[in-house]
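This report covers the fold of one protein, a helix pair and a surface patch.

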Amino acid sequence: MQNSEALTLTAALLAAAGDLTQRINEGVVARGFEGRPAYGFAFTRLAPDGATVTDLAVHLGVTKQAASQLVDELARKGYVERRPHPDDARARLVVLTERGWACTRAAEEAAAEAVRAWADLIGEGEVRVLRKRLLRIAPGGPIRPAW
């Protein structure tokens, strides 16, 4: 692959990821939830069993202070709560509230809408192939913003 082809592919993947993030966030807001994309990136780490602020900081690629500020914001909006950690008396576990879970479901619906738009454009079969190939390239790891 030539450098120019690699650059074009890189730009297309980044544009698709940015567009997907924006569509999901707009869909969440349209469903009555206040937020910003960083909330969704945090929710992916907090679901299903919660996490400490330190775990969340590592997942998001930010400082513990930045993660703590985000958790404070999410708690004020009713999306998360802090609970005693079951295995570490010094730590607090941050977990999604029912409102946080409802917001997560709204994000899943918005993501499905965005992917359906891709299927309308390139066909469902091509979307399945794309999913399969992207999962080979990036099978796991944190879903986080590119700060």
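The model is predicted: local features need pLDDT of at least 70, side-chain atom pairs count only at pLDDT 80 or more, and totals for chains, interfaces and linings use all residues. Residues are numbered from 1 along each chain as its sequence is written, and side-chain values use heavy atoms, with hydrogens and water left out.

The protein has six helices and two strands, in the order α-α-α-α-β-β-α-α along the sequence. Helices (H or I, at least four residues) and strands (E, at least two) are DSSP runs, numbered from the N terminus. The C-alpha trace spans about 55 × 35 × 20 Å along its principal axes.

| Item | Value |
|---|---|
| Angle between H2 (residues 37-46) and H4 (residues 64-76) | about 100° |
| Distance between the axes of H2 and H4 | 11 Å |

H2 and H4 are therefore roughly perpendicular (65 to 115 degrees). Ala38, Tyr39, Ala42 and Phe43 of H2 meet Leu70, Glu73 and Leu74 of H4, with contact meaning heavy atoms within 4.5 Å. Six of these residues are nonpolar, none is polar and one is charged.

A nonpolar surface patch consists of Met1, Leu9, Leu13, Leu121, Ile122, Leu130, Leu134 and Ile137, together about 840 Å² of accessible area (Shrake-Rupley method, 1.4 Å probe). Patch residues have over 30% relative accessible area and no salt bridge, and nonpolar side chains are joined within 5 Å; a salt bridge is a side-chain nitrogen of Lys or Arg within 4 Å of a carboxyl oxygen of Asp or Glu. H1 (3-30), H5 (98-122) and H6 (124-137) each supply at least two residues of the patch, and H6 gives the largest share, three residues.

Conventions:
Axes are lines fitted to C-alpha atoms, for helices over the stretch in contact, and angles run from 0 to 180 degrees between N-to-C directions. Angles under 35 degrees count as roughly parallel, over 145 as roughly antiparallel, 65 to 115 as roughly perpendicular and the rest as oblique. Ala, Val, Leu, Ile, Met, Phe, Trp, Tyr, Cys and Pro count as nonpolar, Asp, Glu, Lys and Arg as charged, and the others, Gly among them, as polar. Patches are made of residues with over 30% relative accessible area and no salt bridge: like charges are joined within 9 Å, nonpolar side chains (Val, Leu, Ile, Met, Phe, Trp, Tyr) within 5 Å.
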